[in-house]
Amino acid sequence: MLEKLFDLSGRTALVTGGSRGIGEMIARGLVESGVKTYISSRKGDACASLADELSASGECIALPADLSQMSEIDRLAAALGEREQQLDILVNNAGAAWGEPYDEFSEGGWDKVMNLNLKSVFFLTQKCTPLLRAAATAERPAKVINIASIDGIRVPDLETYSYSASKSGLIHLTRRLAKRLIEDRIIVTGIAPGAFASSMNKMARDQADEVSQWVPAKRIGTPEDMAGTVIFLASRAGDYVVGSTIAVDGGVAYAM
């Protein structure tokens with residue numbers, strides 16, 4: 001029974017922002033779980049390089065795209081549709097951050113983050129919905145997993161106004177999409193990561209020991225922490241979790 005609960009073999013996934021950081025952790029976990037995994041990122045070379053590496057453990061295909069542009073969202077969904085008749089798992093991970101003092105915060109820093117972190121999630125999900133519907137059944141629903149942040153739950157110290165607002169909005173968008181798409185046997189959930197080593201979270205990457213001191217669990221997140229949560233939500237084990245966003249943060253959001 002336990003093996004069936006977490007079995008993902010034979011499924012197909014798309015992970016955006018999948019060439020590095022949290023996206024790479026997720027893609028690696030899915031590939032090693034037997035999922036045919038497409039990874040997308042703005043940097044085509046990095047995307048192709050990781051896909052080649054992960055293909056040693058399973059099946060991974062690079063589909064580069066700049067999801068800050070609607071034309072690229074359309075192109076990515078169309079390219080996937082040319083290769084697959086259905087999509088079991090969509091992981092909306094691509095994102096950006098921006099920090100500036102309040103009195104100097106720029107329109108460009110606002111629009112860039114909002115467009116990628118929130119707008120692109122909605123429209124890529126919309127464009128991929130026909131493929132998700134084709135995969136979804138009552139016994140095995142399709143899954144959409146949105147990667148938010150604990151900065152969308154709590155108020156961070158850093159002056160990342162558009163980032164916090166976008167991730168808070170994404171958490172609520174996850175609930176709204178869940179309400180609509182459950183009608184089509186598509187389950188939408190979210191993950192709010194805390195400190196994981198990545199190019200977006202340079203402090204966790206470069207000062208892990210220092211960052212760990214203010215995490216209740218006294219460590220930063222590992223690839224296994226992230227992959228394990230995605231596997232839970234994507235598999236039969238997570239089929240009754242609908243609209244929720246899980247904080248994966250060692251206790252920062254709810255245990256401090």
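Contact is taken here as heavy atoms within 4.5 Å. The structure described is a predicted model.

Helix H3 spans residues 44-54, and its buried residues are Cys47, Leu50, Ala51 and Leu54. Viewed along the axis of H3, these buried residues fall within an arc of 105°, so they line one face of the helix. An α-helix has 3.6 residues a turn, so residues three or four places apart point the same way. Asp45 and Asp52 are exposed on the other side of H3. The cover over the buried residues of H3 includes helix H2 (21-32), strand E2 (36-40) and strand E3 (60-62).

The largest nonpolar core comprises 32 residues. Within this core, the residues with the most contacts are Leu14, Leu67, Leu87, Leu90, Leu124, Cys128 and Leu132. Two or more residues of the core come from each of helix H4 (70-83), helix H5 (107-135), E5, H6 and strand E6 (186-193). A second, separate core of 29 residues includes Leu30, Val35, Leu50 and Ala234; Leu50 is also among the buried residues of H3. In the largest core, Leu90 is one of the residues with the most contacts. Beyond four places in sequence, Leu90 touches Leu14, Leu124, Thr125, Cys128, Leu132, Lys143, Val144 and Ile145.

Aspartate 151 lies in the loop between strand E5 (142-147) and helix H6 (161-181). The relative accessibility of aspartate 151 is 15%, and this residue therefore counts as buried, the limit being under 20%. The side chain of aspartate 151 is joined to that of arginine 154 by a polar contact of 3.4 Å. With residues up to four places away in sequence left out, aspartate 151 touches Pro156, Tyr163 and Ser164.

Key
Residues numbered from 1 in each chain as written. Predicted model: local features only at pLDDT ≥ 70, side-chain atom pairs only at ≥ 80, totals over all residues. Heavy atoms only, no water. Buried < 20%, exposed > 50% of the residue type's maximum accessible area, 1.4 Å probe, protein only. Helix = DSSP H or I, 4+ residues; strand = E, 2+ residues; numbered from the N terminus. Arc of directions from axis to C-beta. Polar contact = N/O pair within 3.5 Å; in protein donor to acceptor, adjacent residues only side chain to side chain. Core = buried A, V, L, I, M, F, W, Y, C linked by side-chain atoms within 4.5 Å.
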